[in-house]
Amino acid sequence: MLELRQRGMQQERAVQDMTPTRSFLAILVISLSFLGVPHGATDHLVGDKIFKHSFPNTWLCVFVVVYLAMMGMVIASWFLAPVASLAAFLFLSVIHWGLGDTESDLVPLTLQPLEVLIRGSIPILLPSVLHQEAVSQIFSFLVGMHGDTSSVQSIVNGMSASMSFFIFGWAICFSYHLIEIVRYTNAKGVKDLKLTSKQTRHLISAVELASLTALCSLCPPLVSFMLYFCVWHSCRHILCVAASTFDNSRCIRALMKFGLHALPFTIATLLMAGVWYFKLEQTEWDQQGKQDSSTELKSTLKKFDALSQVIFVGLSAVTVPHMIVTELSMVRQRALEGNVDKVNQ
């Protein structure tokens with residue numbers, strides 16, 4: 001009897017160690033509210049260019065309906081096939097983040113797929129493999145209400161099996177940037193070093209690979225997610241959209257315009273997320289193996305469970321339409337650049 005009690009106390013301490021504090025959850029929510037959500041809240045600016053030609057007077061309504069329909073289909077998939085939805089969300093995140101972090105004009109076409117895969121895998125693969133218990137807990141929260149949590153381990157095991165490929169691919173990408181740094185240095189010397197030069201950009205890319213790898217390997221999963229998604233990915237996207245859409249010569253003015261355009265959809269998204277969170281928090285929560293936990297720990301776990309579903313299921317719901325809009329924007333930008341090159345020739 002005493003042994004069972006001690007084992008239960010050890011399990012509770014282990015769960016408590018993996019559960020973030022309420023103060024950290026508050027910081028995470030604030031970061032997502034001011035950086036994570038707004039970075040995708042200006043997709044309608046691209047929707048203007050996509051739908052306005054066909055629907056000159058009602059393009060915004062059409063865009064919102066299509067966007068919400070895609071979000072609804074993704075959320076429905078989490079109820080119907082949560083494990084498959086989790087796997088699809090992780091894969092799409094790898095592609096989306098990899099495309100966002102890879103500079104296509106800096107990496108040769110033959111190496112681009114590998115660079116996209118490696119860069120996108122850093123914030124997902126490394127925490128999942130190096131912090132398996134904490135990540136498995138989050139994954140279990142995501143599929144636990146509508147699926148079999150035992151299937152989560154098969155996803156984590158699959159990611160662990162791919163680590164050797166990741167290490168090999170990472171070494172190739174990192175070595176390529178180092179070789180290019182040496183090549184440009186030998187060709188032009190240090191005197192011609194400029195921020196926009198390819199030599200400097202290769203150096204920045206190599207530093208990015210190393211620093212993001214260290215961040216996602218050493219920090220707890222939610223900390224690395226917050227820093228990568230909110231600070232790195234979202235800020236980078238906000239700056240790029242603000243510069244390309246508004247005024248690339250006046251940073252503050254461009255960011256202010258970005259904020260004004262992002263505000264309506266940011267508020268709407270946060271309101272929907274808030275309603276969803278409070279609805280989940282009020283539902284009966286009885287995770288297997290947590291019945292004997294203390295009242296305070298149980299309350300924190302309940303908040304963490306609800307918040308995990310809102311953040312990651314909600315994030316997957318906006319990832320699909322956001323990816324489509326982002327890629328359409330990039331295709332349009334490349335087409336415009338190609339037309340400009342033809343005119344100059």
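Hi everyone. Helices here are DSSP runs of H or I with at least four residues, strands are E runs of at least two, and both are numbered from the N terminus. With that in hand, helix 3 covers residues 43–51, and isoleucine 50 lies in it.

A word on the source: this is a predicted model, where local features need pLDDT of at least 70, side-chain atom pairs count only at pLDDT 80 or more, and totals for chains, interfaces and linings use all residues. Residues are numbered from 1 along each chain as its sequence is written, and side-chain values use heavy atoms, leaving out hydrogens and water.

Now the overall picture. The protein chain has 13 helices and zero strands. Of its 345 residues, 43% count as buried, meaning under 20% relative accessible area, with exposed over 50% and partly exposed in between (1.4 Å probe, protein chains only).

Back to isoleucine 50: its relative accessibility is 31%, so this residue counts as partly exposed.

Next, which two helices pack at an angle of about 150 degrees? They are helix 10 (residues 198–218) and helix 11 (residues 221–245), and their axes are 9 Å apart. Axes are lines fitted to C-alpha atoms, for helices over the stretch in contact, and angles run from 0 to 180 degrees between N-to-C directions. Helix 10 is therefore roughly antiparallel to helix 11; angles over 145 degrees count as roughly antiparallel, under 35 as roughly parallel, 65 to 115 as roughly perpendicular and the rest as oblique.

Who makes the contact, meaning heavy atoms within 4.5 Å? Helix 10 brings Glu208, Leu212, Leu215 and Cys216, while helix 11 brings Ser224, Leu227, Tyr228, Trp232 and Arg236.

Terms used. Contact means heavy atoms within 4.5 Å.
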